[in-house]
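Dear colleague,

I am passing on the structure below, together with some notes on its strands and on one pair of helices. Please read the notes with the structure open.

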Amino acid sequence: MSQTTTLDHATSSKKATASRKDNSGWSKFTSKFHMRPPDDDEPQDWWFASTAIPLAAATTGPLASLMAIVALVSPWRSNILYDQEGVDGTPVQVGFADPRWCVALNATSLAFGILGNFFLLCNFTRLVRYIIALPVSIFLWMVSTVILIGLTVSMHLHHSPIPPNQTYSQAYWSAVISAVLYFLLSTILMINMLGYFLGHYPQNFVLTSDQRTLILQTTSSVVWLAIGGVIFSHVMDISYANAVYFSDITILTVGFGDITPTTALGRGLVFPYAVIGIVMLGLVISSIHRFIQQIERQDVLLHHAERKRRAVVRQSDGTESGAEIDFQRRYTRRKPIVSRIHAFTWIARGSTLSKLTQMKEERDRFDAMRAIQTETVRYRRWMNLAISVLVFGIMWAVGAVVFWALEHDLTYFEALYFCFTSLLTIGYGDITPTTNAARPVFVVWSLLAVPTMTSLISKMSDTLVDGYQRVTNGVADWTVLPQSGQYSAAISQWSGTVKRIFRSALSGSSESDFERGRQGEQTQSASHVRQSSSLSLESLARSPRPTTHRLGQQLVLAIQKAIKDAVSGKRKRYSYEEWVSFIRLIQFTHVKGDADGEDGDESIRLDEDEYGLLNWDWIGQHSPMLTEKTEPEWVLDRLCESLGRLLARVEP
């Protein structure tokens, strides 16, 4: 009996130990998850998973459903009538009925796919909770994928067409494309859920109004394609798949000419259909362009500028890399730029000399930040060019490989030629997709590639056009449209260089001496420019604080100037002297004490915190040169706040 009790205790002890190990393993596994509530406002990362993936799923999901519709309304197998020629110049194909179980399962797959799109839209509009809607969308799309894969495999094994007089129709290949799209969309949505479980973002889709508009516009465009398929299949007496293909090349303005309307009714319907479709396409391209700009602004340029700003601020820490040191040597002037000058206390107190000294130090910091801005603009232009060329090359080359494989009579060079003319919507029509597999693939490829490439090419043209304008302006300055004094200035510069060379040769000085002399003259010229600029700074440092009446007049004039700059349509950048004059007007309205005493300066610092004008610095994290607003917009907001504070101080 005792032995039995001992064995029972040992067994239970082993079970308890195993249970603790299991619980320990599960706790380690669950500790990696940090699910955040919908109203969480903590910083977010994994931008691609949180924003790009749901946006891609919402815009591509309707296209997968369109391919499923094509697969449902048309037979999957066709008889080829080689003795008859269709409107596109290829032998006529007549479909014959599919098994009933195939049609029923195909309809079920389409229903699941459309429901998946519906729940995803409910997720975007927050009609259904994220943790419910997203798994449902993934499940429905996965079920649709499994059904379509099972159907295509079963048809190929048990009811495959008998060549050469039978073949798979465009509907069959549309089903294959739909299954591939549903599978890819389900997979990327799983990545989105993984990011949520790991705590990288809260349980909702954080999309802007422009991104939501893009989803609605792409859905409307796909619906318009489906409607065009219904209309032109009846009017032109072609299959629904060919009608969708015809609607696609019409809206995209490719116009191969392989399928054309031959009746007056068909040609008349092209007028409204093409106009409405092209307008929808233009709206989609515009939304894609704004989306790319938003990505560029928030996730690329701001990070690049912040990285350069930190590199300059860390100059005295000794932790910078070689590239950062090169940037600092190019764009810093006197001494290490370290954020330690706060606000503009020189306005209220201090001698003119001390004010001027602080203003010169602030100008060095201003110049460093302006140099970062200039380098960021250059980075943006070349980044747009590089990304556009890369994406264009990928879509061009990959598309050529696909059509080279699907069109057996094409060489790879001919496939490259075909994809190039299609991407640029030239559409000569000498090479067109003719096989039943190539046409539905072209519909999907063109709807994804052409709008995206149009937006990228417009971004790429900014860099090319800017360089072209600089070259043409330079040529014009020296040829047909020279500026006043252009040649005389060049002649005087070259004559001075020649004189220095002869003077150096006669005095026997070395080449290094000549170089040092030239650099000295350049330094002297730069100091002369700096000296001429310092005169305005000296006048600003000496100017007394204006009276309340004069301050109001200056504020009104400054607001008028900022409004003109903001609505001019050009990205205005103010000089340091202009910024100083604006900041004087902004901070003078904080003064409540004696105009020349210490109390006024203290009230400035208190009111800065009260009104949000914190102790920012030109090269600090809260610099007005790093905001998303333009400089006139930022100045205008602050001037209006300043005017409001001034009016509140004035007794009625």
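Which residue in β2 is the bridge partner of I80? In β2 that partner is Q93. Before going further, please note that this is a predicted model, in which local features need pLDDT of at least 70 and side-chain atom pairs count only at pLDDT 80 or more, while totals for chains, interfaces and linings use all residues. Residues are numbered from 1 along each chain as its sequence is written, and side-chain values use heavy atoms, with hydrogens and water left out.

Strand β1 (residues 77-85) runs antiparallel to strand β2 (residues 91-96), and 6 bridges join the two; strands here are DSSP runs of E with at least two residues, helices are runs of H or I with at least four, and both are numbered from the N terminus. Two strands pair if DSSP finds at least two bridges between them. The hairpin of β1 and β2 has 5 residues between the strands, and in it G89 takes a positive phi near 85°. β1 also pairs with strand β3 (residues 166-168), in the antiparallel sense and over 3 bridges, with R77 opposite Y168.

Turning to the helices, the axes of α6 (residues 209-235) and α7 (residues 240-251) come within 8 Å and cross at roughly 120°, where axes are lines fitted to C-alpha atoms over the stretch in contact and angles run from 0 to 180 degrees between N-to-C directions. In the contact (heavy atoms within 4.5 Å), residues of α6 including W224 and F232 meet residues of α7 including Y240 and I251.

Best regards
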